[in-house]
Structures are given as C-alpha cells and as structure tokens.
Amino acid sequence: MVRLDKGKAWSILKSAIDKTGFLPRCSAQKVSTCMQQQDSAQLKARHWLLDSPKEREFQPWNVGGCVKILEAVNVHLSFGGVAALRDISFSVPEDSITTVIGPNGAGKTSLFNCISGFYRPQQGSIFFRGQDISRLKPPARAALGLARTFQNIALFRGMTVLDNIKLGAHVHTKTGLLGALAYLGPARREEMALREEVERRIIDFLEIDHIRRQPVASLPYGLQKRVELARALAMRPQLLMLDEPVAGMNREEKEDMARFILDIKEEWGVTVLMVEHDMSMVMDISDHVVVLNFGQVIASGLPQEVQKNPAVIEAYLGDGDIATLRRRLNANTEAA
Amino acid sequence: MRIGDAKQSYAADEALWTSTTQQVWFGLLLLSLLLFPFFASPYLLYLACLVGIAVISATGLNILTGFTGLISLGQAGFMGVGGYTVAWLSLHTSLPFPIALLAAGLLSAAIGMVVGLPSLRIKGLYLAIATLAASVFLHFVFVEWASVTGGMAGLSLRSAQLFGLTFHNDFRMYFMIMPLAVLMLLAARNIFRTRIGRAFIAIRDRDISAEILGIPLLRYKLLSFALSSFYAGVAGGLFAYFYRVVTPESFPLSMSIFYLAAIIVGGMGSILGGVLGAIFMTLVPEGLKLLTTAITPIYPQAPVFMSPLLGVVFGVLIVGFLIFEPNGLAEVWRRIRRFFHLWPFRT
Amino acid sequence: MDWLFFAEVSLAGLATGGLYALIALGFVIIYKATRVINFAIGEIMMFAAYLFLSFAGGMELPAWLALPLAVLGGMVLGGLVERLMIRPMLGESPITVVMVTIGLASILVGLAEIIWTADPQLLPEFLPRQPIFIGEIYLAPKVAWGFVIGAAVLTVYLLYFRFSRGGVALRATASDQAAAYSMGINVRRVFNLAWVFGSLAASLAGILVSATGGLSPQSGAIGLSVLVIVIVGGLDSILGALIAGLFVGWLETVAGAFFGGEYRMLATFSVLALILIIRPYGLFGTHEIERL
C-alpha cells in the first residue's frame, strides 16, 4: 500500500476548502455544532435515507474525536479470579477506523464481547452515542446500530449466503408470526424490499453475487469472512466491530478486505472498530489505534505515535535491550 | 435437464415453485389429492387420514427440533392437550369443528410456551429431558383430573360438525384433514421464507451469535415452542375427531419417539422431510401388517411376532438412517431430483 | 404416622436406590468417556437379566456360573453396540447419537419379546432367603442382598477410577481426546472399554433388580428413573450417581407407598424439574461453558 502523509494532505485540502467556503461543515464552528448533535435518530437517518451515500456530509477524520460514538469508562471484567480487563477507558471517534491491537491474551475479544453485551463487566460503563448501554441486552444494542463479526467465523451453516445476510437485517424488519404464515401481502413486500436492499447495497458492494445461493459451509475461508462482513453490514450499523477481519488470508485477500473496510468508512459513513494483528494493515488504514496488554490500555493515538511508544514495543518484544537478553541467555546455558 | 432457468424478478426467484414444470406437477398433486377419496378403498382412505394427521404433527415437531434445534420429547403430550380439548368441547358445547380445533391449537400453544420457558437456561439434551418431564406431568394430569378428562376411561366424542354437516365417516374426515394438512404445510413453509424462520435456524446453528445479531432468544424459542405445539394440538384434535375417543393411552411416550423418528428418517430441517418421514413411518407398520398376513398361511405363528418385530424394524430404521443417511429421505429425494436436473450430465 | 412402616419403606427405598445407583454408574461411565447419553441403558440391563434367565432357568446352570455368564453377555452386548452403532456416529451432534440409542432400545425390546415372549417372568432364586431384621425393621432379603452386592461393586468401581491407570485414562480421554491420543492412550479402545464396563454395572444391576421385581420386555423403563438420577447427580459425576441414586430410589419407594403407584413417577419428575430450574448441570456435574 502506498504511504502518503495523509495528515498533511488533508490539512492542506481542508484549509483550501475552508477558504472557498464551499463546504461549510469543514470549519471548526461546524465541528462544535456536530458535537451538539446528540439526537441519535437524526444521526441514524442521516446515513440511511440518502440514496447516494456520497451525499452525506464530508467530515475530516482526524479532528481528534469530534463525536465519540463509543466510549468505555473504567470497565473491569474478571472471570472468577482472573481479570480479563482492568479499568479500561477509551473512546472511538466517529467516522474513523479505530484498531485495537495487543499481544494474544490481552483481552481484545473480551472487550468486544463486553461491548456486544455477551459479557457483563463487573464495573464500568459503556456509552454509545452518549447513551449508557451497559444494561442493555445484545438484541437492543444491535437495534441501536452495533454490528459485529467474529474471530472464528460464526456464519449459520444451515443457510445460504443470501439468507445469512438477510438475517443481519432482522432488527430492522418487522414481519410478525401471522404475516409470516400467510406470506402473501405485507410479509412478501418486506421480503422483496429486503432482498433488493441486500442485493443492491451489499452483495454488489462486496462482490459476492456469484455465491449468493450457495450454502455457506461450502465456501472457502476468505469468502466466508466476506459473507460475515456482508451480514454485519445488513445490520445497518453505526459502529461496525470487526474481530480479526483478515486473519488467515493471503496478501491479495487482505488487500481486498482493506479496500472494503476503507469503502465502508468513507462511502457508508460507518465507524469501524477492529481488532487486528497485521501491523502493516493496521498502520495503513487506521485513524486511531488503542493498544491493550494484560487487560489494560497502555497507549492510544495515531498509528505513528503508537508505533514509537516504548511501552508498546516492550509489550510485543519484551525488554528491547539486546545486551540484557544475551546476558540472560548465557546465564541460562551456564546454569544448565 | 433444467436449462434456461433465469429469473427476471426477485419475486420469481423467491417463489416456492420456480419453474412451470414444478407448478404443473404440484397442480397435479393437488388434483390427485382431491380425487383420491372417490377412487380409494376404505382401508386406503383410513390410511390417508392417519397420514394427514401424522404430517401435521411431524411438521410441528420439525419446526421445533429440526429447524430451531430444540429437541422435544413432549410431542405426544401436546397432542394430548389438543385431543382432550376437542373432546371436552364436543361434549359440553356445540362449537363447529374449526373453532374447536383452533381452541385446541391455542391451548396447546400456551402450554407449549410454559414448557419452553426453561429453554433460556438449559439447552440440548437437558431441555429434551425437561420436555420429557413435561410429558410425564401432562400424562399424570390426563389420568388424575378425572372430572375433566374422564380419567383412565377417557372421553368419547360426537362426530365433528360444521353447519349441520356431520363428519361421521372416513370419507368426510379426509376432507377435513387433508385440506388442513396442505394449508398448515404451506404456512410452515412460508415461515422459513421470512425473518422468523431465519431466526429459528440461526438459533439452531449458533444461538449466541444470533443474539448478538439482534434476535431476542427467549422470545423466539418460546415462539417456536408455541408454533410447534399449535400444530401438535391441531393434530391431536383431528386425532380425537377421527377416532372419536381419547384416553390417556392414546398419546403415550412412544408416540413422541415415533414423531422424533419420523423427522429423523424424513430429514430434519426441511418441510418436505417432515412430510416424507410422516408418510413413511405411518405406512411401515401397515406394510408389516400386510407382510405378516401374507406369511401367515406358511407360518401360522407370524402374528405373534408382528408387534415386537415392528419395534425391531422401527429401531433398525432409526439407526440405519442415522448412520447411513443422516439427512433422511429428503436428501434421497434431492439426489434423485439433481440427477434428473443434470441428466445427461453427471455433475 | 407409622414410623416403623416409614423406616421399613425408607430402608427398602434406599436399598433399591443402591441398585439404581449402580445402573446410574453404568450410564455415567459411558458418558464420562464418550459423552454419549445412553437412553438404552435400561434395555441393556433388561437383556442381561433375560440372559441370566436363559442360563439359570432354561439351561439350568448353577447361579454362580449363570450370573457371571449373563454379566459377560451384557458386556459383550455393550461392546458390540459401541463398535457397530456408536463408533460410526463419532463427531455427529449429540441428538443424533441419542436417537441411535433410542433406536437401539427399541430393537432390544423387540428382540427380547421375540426370543422370550412378552409374558412377565420370574428369575430363578439365587440370593439367600432368610428374612432380615434390623431391630424391629423388616427388610426383604432379596432387596438387602441386592444392595450389598451392588454397594460392593460400586466401591470397587470408585476405587478403580480413582487409583488405577485405566481410570485415569478414562478421565483423560473424557476431558480432551486429542491430548489423550498424543499421550499414547488408545482412545478407541478406551471408548469401547467404557461401554463394556458401563454395561457390566448395568447388567449386574439389572439381574439384581429383576430378581426382586420380576422381568418383562418393559423392564427397561427403569431407564427413565435412571435418567432423572444422572441429571440430578450430574451427567459425569460418579459420586453424583451414587447420592442421587440413593435419594431417588428412596423418594420413589416412599411416594409409591404413601400416596399410590401413580405418584412414583410424579415424585421423580418433580425432583427433575426442580433440579433443572435450580442447578441444571446437576448437584455434582461440571458446567459446560461455551466460548464465543
């Protein structure tokens, strides 16, 4: 991937546009206005009623957390005596790609599970657009716009790709039992509208139309991951959580997936929060990085800053002093 | 061979019968079902009615166990609730049979929901055993609550009636049972074209992920229990009208196992499987009966062995299908269809 | 309330419970090793009792020969069932395997009825006949001796599992098959042996139970009570099988004696319902945790 100094390019562009006054939302004044826009219904509508996603307002992505779409405050999670998350506080800026990184066992998936509602933290709260969702059950969180993919693919093997994706839209459809039994009438209309939406917006976008009638169990790994992404998109998310979206993929698949994630952020206006181990991808597409180790946040900020943070380097590589390492190795071999 | 089968609209793609050939065949099937009683012997008519009842109940169980993955050993109990409701209504009121059947279904559905309440906390085989416990409780109620259920002697009914028309023989019962079976099958199939059916399948495959995707688990599990028990209740009601007597022994535990075997043999997780399984399992005992009658001249002891032999055959069928064809008769049917779709090609 | 009667009934119930515990032990061994819920445990038990009937009654072998032979027959049956019906189902979903055992139960009942007819039979006497009195309390001799033999076998099993290599292998295979394979444990053989030894316990219990209560092809229905016992005790807990077996045996007998025959099943299943609500995994069972 090409390395651009995106920050510099954006600031030049931004000042140019500001000067022309063409897109007033770029100005600082508009930033504070958007922070006041806590009306979630308005915000939701903004993304989905517009026919062409590009019509949505242009928002520079590194305004330092204009709107915090998700905020975790002092979250503490333990299983029996083992603390998986210790006093975690961080926030996800809206319209960004935020990545959570950290060594294995740092608590990344546990964090996702807390946000999804599968685990209930012993202490702390989680706020979604300013609303405390800590007591909400997972289906209610899904209705607010929290979508997610899973580390080990959690597709429903008894259904086709199309059915899996349509399932994602469950919270947003409303066919009841009697309507379903009769089918002809409102249920059929809703089904057809759903089918059209899924085909147009998601299947074409993710280029999976050639497999849409296949049972998911027969698909190769990379396509299964893409179908899972499609299903998460069908949930009409405000915040999309991806748990290791490119794990186990080859280089080409990773590039495709990265392209999709960037498009999701820019064309769909969805905030992306992901857990990822592939450092080059993290550095290339993330706007904001949070580093976890042993259940604690040890660093957060721009990718470049985090990369240079000594605490982060130590978490991954251990004590970076080669001389110390050599001495320790020699001591061990002498003792043995 | 099927070629040139491109669809021009989403509605056409999502239809149940997607090609003209299929529609024609289905029309012929409906026609033959309609004309069947006029040409059939009384014995075949009797069998057809039994098959109709079995199909409805098996479909109900399939919805719960095959599609939603909640194993139930209580089907006989729910059928019993339906049967007793219909019997009681026929003795104490003069409601026309559609209302009585509806009442039977609704009461069974309500009880089904109560039985399904533990499904939030317990899963899999523990839930199956809970349904077994429920079945035992229901059986106890049927026996002990003699003032309503007639105790061990049970209840006997008048024939079903509708606007003065009495359904007193198999011919008329056929026209009550068969259209109801077709409608309920269609309704069940429709469920799985909508979000509700998808939610059921999701609960079966991965219920935790389903919940995170927005499906409220308890509500849908209870819905599945309610729907499945409704079907069982209606089937039990038809059973009552057909035999005109219900006793606690009409709905034994072995009936629950019979229906479980029917959906396994037919194919869990497919509506067609429920139908095929019900037909197959209802006809097997009859086939065995015929075989025994045929052998009796040569081997006079044969009838003694018929009942235990039925048990052995039943068990062998279950074990055989599970080992060799776990997706049941529906899968066999799909293979045959695929062969004809692809012919003269092989794959 | 007649305390003497209560004591007699209780004692009889506990003795029956001991035999129940033995059957439950057979079930738990099979579940512990192979994770298979064996709905046919009652039928295997019934079949072994019929074998004893044939050996001791039909062939008129002395009891000390017929008993081990019948138990051996039960063990062979268990081993065959595992090899032919359960092994092919390795890896399938639990409900499928359970249905296989249900099918097996049906086959065994049918076979028993064909070979030995459906009439209830009495087993030839082989237990001491002297009435037993504990103080003033009367205890039927068959029941008492059945309990004694059952308890002895149970103790042997408990010790074996705790301290021998075979027992450790069984527990290892139960908790992690792949790891057990890597350690050199022959997993397939452990599975087969689990079924064989589980059937041993069930067969012995079957003969003893039928010695007291008579025998018919429907005797396998005791499996229902055993199911309740293992759920209450915990599917993979031997101690649970023991305690729950005693309790359920006692409860059934007392309920039957004081309230009438229909209340036996009601009592048993009420306990089941209670346990499923309070502690679904049983008193001593391990809680299965699902990972996301």
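This is a predicted model: local features need pLDDT of at least 70, side-chain atom pairs count only at pLDDT 80 or more; totals for chains, interfaces and linings use all residues.
Residues are numbered from 1 along each chain as its sequence is written, while chains are lettered from A and ligands numbered from 1 in the order in which they are written. Local features need pLDDT of at least 70 and side-chain atom pairs count only at pLDDT 80 or more, whereas totals for chains, interfaces and linings use all residues.

**View 1. The open sheet of chain A.** Six strands of chain A form an open sheet of mixed pairing in the order S6-S7-S8-S3-S9-S10, where strands (E, at least two residues) and helices (H or I, at least four residues) are DSSP runs numbered from the N terminus, and two strands pair if DSSP finds at least two bridges between them. The edges are strand S6 (146–148) and strand S10 (296–301) of chain A, each of which pairs on one side only. Neighbouring strands are turned by 20 degrees against each other on average, direction ignored.

**View 2. Strands S3 and S9 of chain A, with helix H10 of chain A.** Strand S3 (residues 97–101) and strand S9 (residues 288–293) of chain A run parallel and are joined by four bridges, with Thr99(A) opposite Val289(A) in S9(A). Helix H10 (residues 251–268) of chain A packs on the sheet, touching S3, strand S7 (239–243) and strand S8 (271–275) of chain A; residues are in contact if their C-beta atoms, placed from the backbone, lie within 7 Å. The direction of H10 makes about 150 degrees with that of S8(A), on a scale from 0 to 180 degrees between N-to-C directions.

**View 3. Helices H4 and H6 of chain B.** Helix H4 (residues 75–92) and helix H6 (residues 124–144) of chain B pack at an angle of about 30 degrees, with their axes 8 Å apart, and are therefore roughly parallel to each other (angles under 35 degrees). The contact is made by Ala76(B), Gly77(B), Gly80(B), Val81(B) and Tyr84(B) of H4(B) and by Ala134(B), Ser135(B), Leu138(B), His139(B) and Phe142(B) of H6(B).

**View 4. The side of chain B that touches chain A.** Here 27 residues of chain B are in contact with 32 residues of chain A. The elements of chain B that give two or more residues to this side are helix H1 (10–13), helix H8 (170–191), helix H9 (195–205) and helix H10 (207–212), and the largest share, eight residues, comes from H9(B).

How values were computed. Angles under 35 degrees count as roughly parallel, over 145 as roughly antiparallel, 65 to 115 as roughly perpendicular and the rest as oblique. Two residues are in contact if their C-beta atoms, placed from the backbone, lie within 7 Å.
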